[in-house]
Amino acid sequence: MAVKRNTAYFCQNCGYETSKWLGQCPGCGEWNTFVEEPVVSSKEAKSKDSLGSEMRKRVKLSTISSIKLEQSDRISSGLKELDRVLGGGIVKGSLILVGGDPGIGKSTLMLQVCRSVTSKGKDIIYASGEESLSQIKLRAERLGFFSDSLKLVSETNLNIVESLTIEANPSILVIDSIQTMYSETVSAAPGSVSQVREATGICMRLAKTFGITVFLIGHVTKEGAVAGPRVLEHMVDCVLYFEGDSKGPYRILRGVKNRFGSTDEIGVFEMGEKGLKEVENPSEFMLSGRPENASGSVVACCMEGTRPLLVEIQALVSDTNFGFPKRQATGADFNRLNLLIAVLEKRVGLRMSGSDAYLNIAGGIKVAETALDLGIVTALVSSFRNKVVDKDLMVFGEVGLSGEVRAVSSPQQRVMEAARLGFKKVILPYASLKSVNADGKIRLIGVKSVNDLNF
Ligand code: TYD
Ligand code: MG
């Protein structure tokens, strides 16, 4: 007799589903991530789906020309940095995931958005499964006055939140957090892949059918992804990550997916006594606290979306105590560091094999852009030779395997950002020189190879 299967094994990291337990996930390669969870049969789900017939009535076919775009399709969140990451404001009826480590400030950010959007007369429901109403009030009191258009509920049953939302029909619904919510149709524990998937499905229906913008707050697991992460990411319209060192004041909001705009914009915030403050001049804050007359410290420029951002690169090269040199990169790509060290060994003749090398991008930002290469090389050599780099020098350019310095995008903007912050000299790829017009505001030094750096 065939046994009816009503449980399945789900990878808690990527959501891969199998009928048998597996040691290693074929989807993401993680070990020991499979957990048995009940599965919902579609029949069962349908019978519990109160919205089914209502939804079917609303559905009709459209043509591109018949679709009308409303003027008010985007509303401002009241925080310019958040609007920028979202591509110019909150799109009506979109589903937005805000991920980040616990304690980084996700609830605070959302509450501030609620505060400014409700002050313009729009209704918001904030459903918290994490905190009691009095805990939310304590936090809200630090942030300032809240309008009565913000309605709160402390509830983990998403079906209840769903009916409350349909009844009140607010502009925005905030779910804090998706991992604490459960739906009655799934018997798995909150936070499990099937629950998160079901809960996101309910939110998606609220967003797409009723035009309510839904913000989902999601916690990041130790691997650096939101639990049930890939399950969630493909279902939502925008994925924003809130990063930074939760002990330091600065936070970076990064868009990793955006159906309505570019994804490489960042927003910079500062956490203070009264919540998050926008940082309008991120280059200035990235360079604040720069040591004077210290070797191994160099200022470089990366592009974050459309904005140039000056960052301080710090390198520390010291003698190896054991036979095997240690390398470490914080905020930059580890493999890139190894590659650049190899270039220095081979093309410049720097003997780094007996030295440990540590690299750090100050300010807690992560940069993957190759335009930082020349800065990293300069910092490494500066620390190796113990020679201080001019404090009013900025460096950018990509370094190739033959030690050649290659052109990078937007040289003009990078140079102007350096000029704006009072830098006097820029070392840049020779090939980029002709596309830069500095108007004599700043001295430009074009280099063709790392050997031109005058080590
Ligand atoms: P929170 O928004 O609760 O983080 P998350 O929802 O991501 O877990 O933020 C918690 C931290 O922020 C906590 O350590 C206290 C700090 N904080 C401030 O420093 N200033 C403030 O005004 C507020 C509201 C919080
Ligand atoms: Mg929170």
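**Charged and aromatic contacts**

Modeller: Arg259 counts as partly exposed, because its relative accessibility is 45%. The model is predicted, so everything here is computed from it. Arg259 makes a salt bridge with Asp237, with 2.7 Å from N to O. This pair links distant parts of the chain, 22 residues apart: Arg259 belongs to the loop between strand 12 (250-258) and strand 13 (266-272), and Asp237 to the loop between helix 8 (229-233) and strand 11 (238-243). Asp237 has a relative accessible area of 2% and is therefore buried.

The structure holds 16 salt bridges. Another of them joins Glu131 to Arg139, where the closest N and O atoms are 2.2 Å apart. Glu131 is buried, at 17% relative accessible area against a cut-off of 20%.

Arg414 also takes part in a salt bridge, with Glu369 as its partner and 2.9 Å between the closest N and O atoms. Arg414 sits in helix 12 (residues 411-420) and Glu369 in the loop between strand 18 (355-361) and helix 11 (373-385), so the bridge ties together parts 45 residues apart in sequence. Arg414 is buried, at 0% relative accessibility, whereas Glu369 is partly exposed, at 24%. Elsewhere, Glu81, Arg84 and Arg307 are joined into one network by salt bridges that share partners.

Arg414 has a further contact: its charged end sits over the ring of Phe396, 5.5 Å from the ring centre. Lys448 likewise lies over the face of Tyr430, with 4.5 Å to the ring centre.

Tyr16 lies in the loop between strand 1 (7-11) and strand 2 (17-18), and Phe34 in strand 3 (residues 34-38), so parts 18 residues apart in sequence are tied together. Tyr16 is partly exposed, with 34% relative accessible area, while Phe34 is buried at 6%.

Tyr250 and Phe285 form a stacked pair, with 3.9 Å from centre to centre and 25° between the planes. Tyr250 is in strand 12 and Phe285 in helix 9 (residues 282-287), distant parts of the chain that lie 35 residues apart. Tyr250 is partly exposed, at 24% relative accessible area, and Phe285 is buried, at 7%.

How values were computed:
Residues are numbered from 1 along each chain as its sequence is written. Chains are lettered from A and ligands numbered from 1 in the order in which they are written. This is a predicted model: local features need pLDDT of at least 70, side-chain atom pairs count only at pLDDT 80 or more; totals for chains, interfaces and linings use all residues. Side-chain values use heavy atoms; hydrogens and water are left out. A salt bridge is a side-chain nitrogen of Lys or Arg within 4 Å of a carboxyl oxygen of Asp or Glu. Buried means under 20% relative accessible area, exposed over 50%, partly exposed in between (1.4 Å probe, protein chains only). Helices (H or I, at least four residues) and strands (E, at least two) are DSSP runs, numbered from the N terminus. Rings of Phe, Tyr and Trp (its six-membered ring) pair if their centres lie within 6.5 Å; planes under 30 degrees apart count as stacked, over 60 as edge-to-face and the rest as tilted. A charge sits over a ring if NZ of Lys or CZ of Arg is within 6 Å of the ring centre and within 35 degrees of the ring normal.
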